[in-house]
2 protein chains.
Amino acid sequence: MTATATDKLIERFRNGERPALARLLTYVENERPAGLRAMAELYRDTGNAYVVGITGPPGAGKSTLTNAVIREYRRRDKTVGVLAIDPSSSLTGGATLGDRIRMLENYEDEGVYIRSMATRGEMGGLSMAVGAVTHLLDAYGFDIIVVETVGVGQDEVDVAELADTTLLLQVPGLGDSIQTIKAGVLEIADILVVNKADIKGAENVVRDLRNMLRLGEHGPWLPPIVRTVAVNGDNIEALLDTIDKHRAHLESSGEGQARRERRARREVLRLAQNWLAGQLEEVIREPAMEPMLEKLRQRDINPFEVAAEVARRTSVRVQSRG
Amino acid sequence: MTATATDKLIERFRNGERPALARLLTYVENERPAGLRAMAELYRDTGNAYVVGITGPPGAGKSTLTNAVIREYRRRDKTVGVLAIDPSSSLTGGATLGDRIRMLENYEDEGVYIRSMATRGEMGGLSMAVGAVTHLLDAYGFDIIVVETVGVGQDEVDVAELADTTLLLQVPGLGDSIQTIKAGVLEIADILVVNKADIKGAENVVRDLRNMLRLGEHGPWLPPIVRTVAVNGDNIEALLDTIDKHRAHLESSGEGQARRERRARREVLRLAQNWLAGQLEEVIREPAMEPMLEKLRQRDINPFEVAAEVARRTSVRVQSRG
């Protein structure tokens, strides 16, 4: 894609044309040069959206809750961009999270945009592009961005890094799901949502969460527990009010500014790490590395020594390109 | 710790003294200089252990299976080192995986050593030290190293990277656990173990796994499905025979050599990435970065540009130290 074509696409994006948004998101996701160019151009338009993260175990009703949240935000005249991050296996052939959200409602509403994104897989955590996709949705002008992911490990922590307010969903009847909340996951929750609050065991879940909160550490904001029945919209208004309360707390306490600062630094670090990781992988494949790898095979040297050499060669490479 | 003291510790390690093993493992885990020195010295003694990875969802009976596997290996006169990787929250106050394995049996057996290790948390995946801990257990002379972790995301993929043979545990009665096997997780299994095979629903689990295997891709080795009842040792002999079969396949097909090669490269890359990540974090905190971070705050530049600068500065730093 030529620079001129990219510029035209950016112009159409700025005019609010939905296909231009979709196209640029794809470029950004695939780290195409046009995507980088668009990011460089559009980043200055970001900083207005409020990002709500939704995470929780499979079966907690995240898609249903997301729909209920969208509906209530629309009722409040807010536009909503949704990024549904999907770690489910291609093997299972299931619908993506984004599909599931769309299936529940028939969105012809111009105020709602839903995007699915698969996690990249092997090298851990969310795709580097998640941050960039969020920026584009922000620059496009959505008031609220909902980032949703199934809680299976690192992803939920990564989502919290992106969000202003993070909702952690729990639900009765998933066996030992609460007992196995991973280190750091409860800590990332700003609001605990006990969904399917009308079924048996819901109060046990609330009590367990309360006990865990008591044992854990928290700052001036004690994460409230909100009971919802997302499937019929019960208490979703209260949930959005609680999000607003958290937003007000972030602003009045200065914590919002501190979070944005940490988030920006983390994004920079991740991008740099990702880029360097790519460089490292190229360096280790260089023929010049082969004698050292052969020594490693013979156990004449150890992995730490080889790693130091690969890092050194990578730095030479980065410099000669700088 | 002085170099001489480290050398003495290494000597005691080589004499098979258990406290020296424990001490060096702690140094390696905490990335202390003495640990690096020991690794440099002891890496040449590695390459003899066979590494069996065990992963699966919470409640699948991994600790019980690990115990049964240890017992059967001991019956076959093999020594066993166990590395139990524990992602569970400190909040829950539960026993570590290693504790749970030990609680089940009273190990006074010199042929068994069990080590628990917490995952480091925030920045994703297993601690960098896991590889080094495995090397030390290998150098100490254990015939078999069992690496066990609860399957909650990236960790299980990382464990498979370390293992020669990876067992993926499934179990009836955990709801949609099979439906939510993450992309890449079924692919990493060399042997599928359906534990608690005596309870209702076990055959459904076997059938689901078979269907998933049919849909997925695999090489010349089709992962066999082994039914076990670990709690009373049922079919553990067959499981170990299946591990031996996989081992023979790895050797005869050349896949074992290819795996070891990939594993060594991945370890080098991870170590280099980890080290560079630490450098990046120091660089972004340098006062010289502040003007650029301020521009980022003002959205005059975007995160990609800042990341490029941080990477460039890091490379200068690495070079000046090389």
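What follows is a conversation about how terms are applied to this predicted model.

Modeller: In this predicted model, local features need pLDDT of at least 70 and side-chain atom pairs count only at pLDDT 80 or more, while totals for chains, interfaces and linings use all residues. Residues are numbered from 1 along each chain as its sequence is written, and chains are lettered from A and ligands numbered from 1 in the order in which they are written.

Colleague: How many helices and strands are there in chain A?

Modeller: Chain A has 12 helices and seven strands, where helices (H or I, at least four residues) and strands (E, at least two) are DSSP runs numbered from the N terminus.

Colleague: Why are α2(A) and α3(A) called roughly perpendicular?

Modeller: Helix α2 (residues 18-29) of chain A packs against helix α3 (residues 33-42) of chain A at an angle of about 110°, their axes being 7 Å apart; axes are lines fitted to C-alpha atoms, for helices over the stretch in contact, and angles run from 0 to 180 degrees between N-to-C directions. Angles under 35 degrees count as roughly parallel, over 145 as roughly antiparallel, 65 to 115 as roughly perpendicular and the rest as oblique, so α2(A) and α3(A) are roughly perpendicular to each other.

Colleague: Which residues of α2(A) and α3(A) meet?

Modeller: From α2(A), A:Leu24, A:Tyr27 and A:Val28 meet A:Ala34, A:Gly35, A:Ala38 and A:Met39 of α3(A), contact requiring that C-beta atoms, placed from the backbone, lie within 7 Å. The residues of this contact divide into six nonpolar, one polar and no charged, with Ala, Val, Leu, Ile, Met, Phe, Trp, Tyr, Cys and Pro counted as nonpolar, Asp, Glu, Lys and Arg as charged, and the others, Gly among them, as polar.

Colleague: What makes α1(A) and α2(A) oblique to each other?

Modeller: Helix α1 (residues 3-14) of chain A and α2(A) pack at an angle of about 130°, with axes 7 Å apart, and they are therefore oblique to each other. Their contact is made by A:Leu9, A:Arg12 and A:Phe13 of α1(A) with A:Ala20, A:Leu21, A:Arg23 and A:Leu24 of α2(A), and its residues divide into five nonpolar, no polar and two charged.

Colleague: Why does A:Lys196 count as buried?

Modeller: A residue is buried if 20 or more other C-beta atoms lie within 10 Å of its own, exposed if 12 or fewer, and partly exposed in between, with C-beta atoms placed from the backbone. A:Lys196 has 25 C-beta neighbours inside 10 Å and therefore counts as buried. This lysine is found in the loop between β6 (191-194) and α8 (202-215) of chain A, and, leaving aside residues up to four places away in sequence, A:Lys196 touches A:Gly61, A:Val171, A:Pro172, A:Ala202 and A:Val229. Across chain A, buried residues make up 48% of the 322 residues.

Colleague: How do you know that the span of α12 in chain A agrees with its 19 residues?

Modeller: The expected span of a helix is 1.5 Å times one less than its number of residues. For helix α12 (residues 303-321) of chain A that gives 27 Å, and the end C-alpha atoms are 27 Å apart, which agrees.

Colleague: What covers the buried residues of α12(A)?

Modeller: The cover includes α10 (255-284) and α11 (290-297) of chain A, together with α10 (255-284) and α12 (303-321) of chain B. Among the buried residues of α12(A) are A:Val306, A:Val310, A:Arg313 and A:Val318.

Terms used. Contact = placed C-beta atoms within 7 Å.
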